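Visitor: I am new to this structure and would like to understand the words used for it. Could you show it to me first?

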Amino acid sequence: MADVPGSLSQKAHRQLIGSLGLCLPFGVYMLAGFRHTPPLQQWVRLGSVSAYYYTGSVAVFVGVIFALSLFLFTYPGYEHVIEDRILGSLGGLAALGVVLFPTDAPAMELKLSWWRAWMSTVHYTSAVCLFLSFILFSLWLFPRSDRPPAEQSVEKRRSNRVYRGCGAVMIIALAVAIRNGLHGEPIFIPEAFAIEAFAVSWLVKGEVPQTVARAANRMVSVFGN
């Protein structure tokens, strides 16, 4: 299945979405450590990625999720494949739910006057819907092709294995996160695994490995002369 004209723009779009996800867990943890928020313990990992809304890394959390929402809403996908745009719009709406309805504060002192308990339900429902959209992209839409498997290129078959592997990781991580959440246990680690898997699948779809390889080849040719 070929990209519509302007495929370079689509690749950049996918690369941006993947890059944002790749940086999110590490970014919120590091900035919260440098911008310590009492009474939280400095450099101690919080129970969820969403809990960093209440720390010094709120700008990273809100900024990345809003950017993801925007990029998903504007994701064009393949020509004549309406599922790409529908799933992108649903993911963008879910991302808005995640950021506009924060989870509960990690400490009583950090509770916001306008926050209500129902917002946490909306938040986690939106988060599950967001991950489900990422899973569907990896397992359903990204591997699609107008050629049967036997006629696909080696590169396409290799990419499909990555998409399905990332989808499997997200399913397992989401199941662990839901299980931990229901038992009042931290979900940061399974959340981070799911986010990184989603990021890898979008970076591969954006042909980042090929872009890096071409850049490396150009450097070799320049310095080799």
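Visitor: Why does F142 count as buried?

Guide: Welcome! This is a predicted model, where local features need pLDDT of at least 70, side-chain atom pairs count only at pLDDT 80 or more, and totals for chains, interfaces and linings use all residues. Residues are numbered from 1 along each chain as its sequence is written, and side-chain values use heavy atoms, with hydrogens and water left out. Now to F142: buried means under 20% relative accessible area, exposed over 50%, and partly exposed in between (1.4 Å probe, protein chains only). F142 has 1% relative accessibility, so F142 counts as buried.

Visitor: What makes F142 and W202 an edge-to-face pair?

Guide: Rings of Phe, Tyr and Trp (its six-membered ring) pair if their centres lie within 6.5 Å; planes under 30 degrees apart count as stacked, over 60 as edge-to-face and the rest as tilted. For F142 and W202 the centres are 5.0 Å apart and the planes stand at 80 degrees, so the pair is edge-to-face. Helices here are DSSP runs (H or I, at least four residues), numbered from the N terminus. Both rings also belong to one aromatic cluster with Y75, F137 and Y163.

Visitor: Why is W202 called buried?

Guide: Its relative accessibility is 0%, so W202 counts as buried.

Visitor: How do you know that α5 and α6 are roughly antiparallel?

Guide: Axes are lines fitted to C-alpha atoms, for helices over the stretch in contact, and angles run from 0 to 180 degrees between N-to-C directions. Under 35 degrees counts as roughly parallel, over 145 as roughly antiparallel, 65 to 115 as roughly perpendicular and the rest as oblique. Helix α5 (residues 154–182) and helix α6 (residues 188–205) pack at about 160 degrees, their axes 8 Å apart. The two helices are therefore roughly antiparallel.

Visitor: Why is W43 partly exposed, and what stands out about its phi?

Guide: At 36% relative accessibility, W43 counts as partly exposed, and W43 lies in the loop between α1 and α2. Its phi is near 65 degrees, a positive value in a residue other than glycine. Most residues other than glycine have a negative phi, and most peptide bonds are trans.

Visitor: Which peptide bond is cis?

Guide: The one from P38 to P39, with omega near 5 degrees. P39 is in the loop between α1 (7–34) and α2 (58–73).
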